Amino acid sequence: MESDAMAVRSALTRRQAEITFAAALIAAASAIFIEARKFPPDSAGYPRTLAVLLGIGALLVIVREVRRPRESGVQPFFDHPIRFIVGFGFLLAYIVMINLFGYLLPSVAFAIGLPFVLGYREWRLLVPVVLGTLAMILLIFRIILERPLPPDLLNFLLEALP
Amino acid sequence: MIEALVSALPHVFAPANLFAVLLGTVAGLVVGALPGLTVTTGIAILIPLTFGLDPLFALGMMAGMYNGGSYGGAIPAILMRVPGTPASVATILDGYEMTKRGQAAYALQVAVVSGVIGSVLSAISLILFAPPLVKLSLLFGPAEFFWVAVLGLATVSSLLGEDLIKGLIAALIGLAIGTIGQDISTGVERFTFDLLPLADGLDIVVLLTGLFAIPPVMQMIEEALKVGMSGDLLKLRRQGSVLSKWREFMPIWLRSSVIGIVIGILPGAGGSMSCFLAYNDAKRISKNPESFGKGNPEGVAASEAGNGADNAASLIPALTLGIPGSGVAAVILGGLLVHGLRPGPQLFRDHPDVIYGFMLQMLLSAFLLAIVGGLAATRIFGQALRLPRIMLAPIIMLFVAVGVYAVNNSMFDLYMLLGIGLVAYVLEKLDYPSAPIVLGVILGPLAESQLRLALTISGGNAVAIASSPISMILIALTLFVLLAPLWRAWQDSRKAATA
């Protein structure tokens, strides 16, 4: 895993990330400019001006990065790229699972699973804290504030709450 | 003003609102104490959680979070040499040295008393200065409000980040996001891609939470720290009274508070700048400047008084003109809008109970800090510091997910949250400041509509929008703010070339 991390780390430097992101901004600015063609002139002028300024700003960042001495840009963009990918994957899966199964079960899986995958093994602390937090959220949101939770597989249990 | 304050008092001291301030102060203390979490993050998490509640309850929690979090950062700074928030960096210099000499409890006492004094004076300045400033803003027409919006964007984009271009790009990103939704002048839908949830623009709650709550979560995941703070550090015993030495500390408290208030009022400044300036000032006037950095309690006092004094003062331009004095104030500005409260004269005229109540809540939370920040309370609430950060990341996410969903009962918002959070994390890693994005979203539509209105009134004469004395002053200030960093950079490069 560490060698994978080294590989990804060396793949994306800070300089490359700066340039890539600025290029993405130019692409976004172009898209805004083109999309604004669909609007009447009164509504199109302002976003088009913003798009031009955004494009110029991003271009300045690229020029500055290209002109910067190469040694200053070799630092890696991510300190731990694998952890970032795992973390983002978990976050995405968490939201998708909420959509499919509701809030409770995915929350338990996410809050216990993520630290576990990242190497944390103190179950005696982790499990009570996660379950206690969820109980507190239910108490505050469901019972005190009567706010909605996503439709849940465990709705039959939630409805039994006072 | 007195009448409005008196009429707001019963609302502030209503049990629920009192509880909100207390809860916010405690939560702020914990959030501020946790390295990696800032007051801005805490307030961004609070906004969806308090959406739909009584505005004074929500604002009371924010007020408490602001003052509590401001002091909370001093706890790990003093005990662990880790700043809980960027604004507590100067506290490390003497605070940790005191801990090494076995004076941790005394250092914490100095920090909390100084923070309370700074926060109280700051809240008083807010109450005194905001109402007159809002009266001044009554002289503003559409053209002047357009320039106020431009000045706000210029100040925040140039001062909140170290890089002017990136600050301006961040502001432009915010302005572009602000164009999403229906154009109020023509009724045309812009950049909604036929998605109904975007018809009214990007939800400000989703944006704020994505920008400020997700990046620290991602950072904690990347760091994956599996141990928390040692419990031994929280075994604190009383070590003398700071108040018995008030004569020694008073000049520092007063000078540092004035520095914090002035820095707080200046749009875009604040936070770490005020605590460093206050620290340097205290060192400069000290009879023993060489003792600073070696465990001098006066260093802790100056840093924390300056830090606390910055808080409420940064809300003066935010509440009156819509220009926040700090990143936290920018998020609070977003929080006000979520509750349908737009800063400016209308806010003071239409919702005096809420706005004066909020100012009183800033004062109240400053006093509550004296209780909540005491040694016994620090021992209790500081237990949160013992939780490993790898565990905190998903816990924060549980609150964020449920809060954001509950705002509109919408899964779309959760997906947007993740998308915004990912971009915000990249922005943070690349040192693009996030606060100008919020400002862009808030001030952009205001600038666009006021500009159109001003042009309509002047019959399309563009020169007319810059011709009033107030407009000219605002334009001059904007140019000054934008050109000052360039001037400094040019001076530095000249110095470097001659050295």
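At what angle do helix H4 and helix H7 of chain B pack, and how far apart are their axes? In this predicted model, H4(B) (residues 55-72) and H7(B) (residues 104-136) pack at about 145°, and their axes lie 10 Å apart. The crossing of the two helices is right-handed. On the H4(B) side, the contact is made by Asn67(B), Ser70(B) and Tyr71(B), while H7(B) brings Ala111(B), Val112(B), Gly115(B) and Ser119(B). Sort the residues of this contact by class and you get three nonpolar, four polar and no charged.

Now for the meeting of the two chains. Here 41 residues of chain B are in contact with 51 residues of chain A. Four helices of chain B each give two or more residues to the side that touches chain A:

| Helix of chain B | Residues |
|---|---|
| H9 | 164-178 |
| H11 | 214-223 |
| H20 | 389-408 |
| H21 | 411-429 |

H20(B) gives the largest share of that side, eleven residues. By class, the side of chain B that touches chain A has 31 nonpolar, four polar and six charged residues.

Further along chain B comes H22(B), residues 435-457. With 23 residues at 1.5 Å a residue, H22(B) should span 33 Å, and because its end C-alpha atoms are 32 Å apart, the two values agree. There is a bend in H22(B), though: about 35° at Leu443(B), with a proline, Pro445(B), following within four residues. Just after H22(B), Gly459(B) takes a positive phi of about 65°.

Notes. Residues are numbered from 1 along each chain as its sequence is written. Chains are lettered from A and ligands numbered from 1 in the order in which they are written. This is a predicted model: local features need pLDDT of at least 70, side-chain atom pairs count only at pLDDT 80 or more; totals for chains, interfaces and linings use all residues. Two residues are in contact if their C-beta atoms, placed from the backbone, lie within 7 Å. Ala, Val, Leu, Ile, Met, Phe, Trp, Tyr, Cys and Pro count as nonpolar, Asp, Glu, Lys and Arg as charged, and the others, Gly among them, as polar. The expected span of a helix is 1.5 Å times one less than its number of residues. The bend at a residue is the angle between axes fitted to the seven residues ending there and the seven starting there. Axes are lines fitted to C-alpha atoms, for helices over the stretch in contact, and angles run from 0 to 180 degrees between N-to-C directions. A crossing is left-handed if the near helix is turned anticlockwise from the far one by less than a right angle, and right-handed if clockwise.
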